[in-house]
Amino acid sequence: MTFSDDALIEEARGGSRLAFDQLMQRYQRLVYRVSYSFARQPEDALDITQEVFLKAYRNLGAYQGRGTFKSWLLRITHNQAIDWLRKHKRHRGHEELTPDRIPEVAATQESELYMHEQRRILMSEMEGLNPKQRLAVSLRYFEEMPIRDIAEVLECS
């Protein structure tokens, strides 16, 4: 049986670590991918992801349910990634994307090469964006989120 986010949140607020674990399992890949779009290193993205879930757990009482839990969690992810960027002040060059970091979208080798090149170009161009714009592009083109949901995450129209 799958429980809604709201049901799991209420259980977690009541002290159920199992409920929060289910929320983490539900969103850990998304949080990691967004973190990776900022950090560009797997280890750093894991660190950000861990901090996001710690903050979410500690501040679960502050979640008021005005938007979706997913949006609230992605706002925490965005803020944590910005803090991480400020703290590390790293301006690394473009890192080559490997096939295991690119979602499979094509069956033929030619199509795969084309998609790989398109994603490489997109990732390279994202380096020049400010963090809010980078998150919007990442959520839209890598996570395929609807624009309405992205606006909710970014708290803008």
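The axes of helix H1 (residues 5–13) and helix H2 (residues 17–39) come within 7 Å of each other and cross at roughly 140 degrees. H1 and H2 are therefore oblique to each other. Angles over 145 degrees would count as roughly antiparallel, and the crossing of H1 and H2 is roughly 140 degrees. On the H1 side, the contact is made by Asp 5, Leu 8, Ile 9, Glu 11 and Ala 12. On the H2 side, the residues are Ala 19, Phe 20, Gln 22, Leu 23, Arg 26 and Tyr 27. Sorted by class, this contact has seven nonpolar, one polar and three charged residues. The model described here is predicted.

**The buried face of H1**

Which residues of H1 are buried? They are Asp 5, Leu 8, Ile 9 and Ala 12. Seen down the axis of H1, these buried residues fall within an arc of 100 degrees, so they line one face of the helix. The spacing can be understood from helix geometry: an α-helix has 3.6 residues a turn, so residues three or four places apart point the same way. The cover over the buried residues of H1 includes H2 and helix H4 (69–88). After H1 comes Gly 15, which has a positive phi, near 110 degrees.

**The chain as a whole**

The protein chain has seven helices and zero strands. Its pattern along the sequence is α-α-α-α-α-α-α. Of the 157 residues in the protein chain, 37% are buried. Among contacts with a separation of 6 or more, 53% are between residues 24 or more positions apart.

The mean pLDDT of the protein chain is 82, and 85% of its residues reach 70 or more. Among the helices, H3 (residues 42–58) has the highest mean, at 95, while H5 (residues 109–126) has the lowest, at 72. Over residues 91–107, pLDDT stays under 50. For that stretch the model has 31 contacts beyond four places in sequence.

**Individual residues**

Gln 80 lies in helix H4. With a relative accessible area of 11%, Gln 80 is buried, because the cut-off for buried is under 20%. Leaving out residues up to four places away in sequence, Gln 80 touches Ile 48, Glu 51, Val 52 and Lys 55.

Leu 135 is placed in helix H6. Is Leu 135 buried or exposed? At 0% relative accessibility, Leu 135 counts as buried. Beyond its neighbours within four places in sequence, Leu 135 is in contact with Val 34, Phe 38, His 78, Val 153 and Leu 154.

Glu 127 and Phe 38 are 89 residues apart in sequence and 8.9 Å apart in space, C-alpha to C-alpha. Glu 127 is in the loop between H5 and helix H6 (131–142). Its relative accessibility is 30%, so Glu 127 counts as partly exposed.

Two glutamates remain to be described. Where is Glu 144? Glu 144 is in the loop between H6 and helix H7 (147–154). The phi of Glu 144 is near 55 degrees, a positive value in a residue other than glycine. Glu 155 is in the segment after H7. Phi of Glu 155 is near 55 degrees, again a positive value in a residue other than glycine. Glu 144 is exposed, and Glu 155 counts as exposed too.

The table lists the relative accessibility of the residues discussed in this section.

| Residue | Relative accessibility and class |
|---|---|
| Gln 80 | Gln 80: 11%, buried |
| Glu 127 | Glu 127: 30%, partly exposed |
| Leu 135 | Leu 135: 0%, buried |
| Glu 144 | Glu 144: 63%, exposed |
| Glu 155 | Glu 155: 61%, exposed |

Note on methods:
Residues numbered from 1 in each chain as written. Predicted model: local features only at pLDDT ≥ 70, side-chain atom pairs only at ≥ 80, totals over all residues. Heavy atoms only, no water. pLDDT = per-residue confidence, 0-100. Helix = DSSP H or I, 4+ residues; strand = E, 2+ residues; numbered from the N terminus. Contact = heavy atoms within 4.5 Å. Axes fitted to C-alpha atoms, helices over the stretch in contact; angles between N-to-C directions. Parallel < 35°, antiparallel > 145°, perpendicular 65-115°, else oblique. Nonpolar A, V, L, I, M, F, W, Y, C, P; charged D, E, K, R; others polar. Buried < 20%, exposed > 50% of the residue type's maximum accessible area, 1.4 Å probe, protein only. Arc of directions from axis to C-beta.
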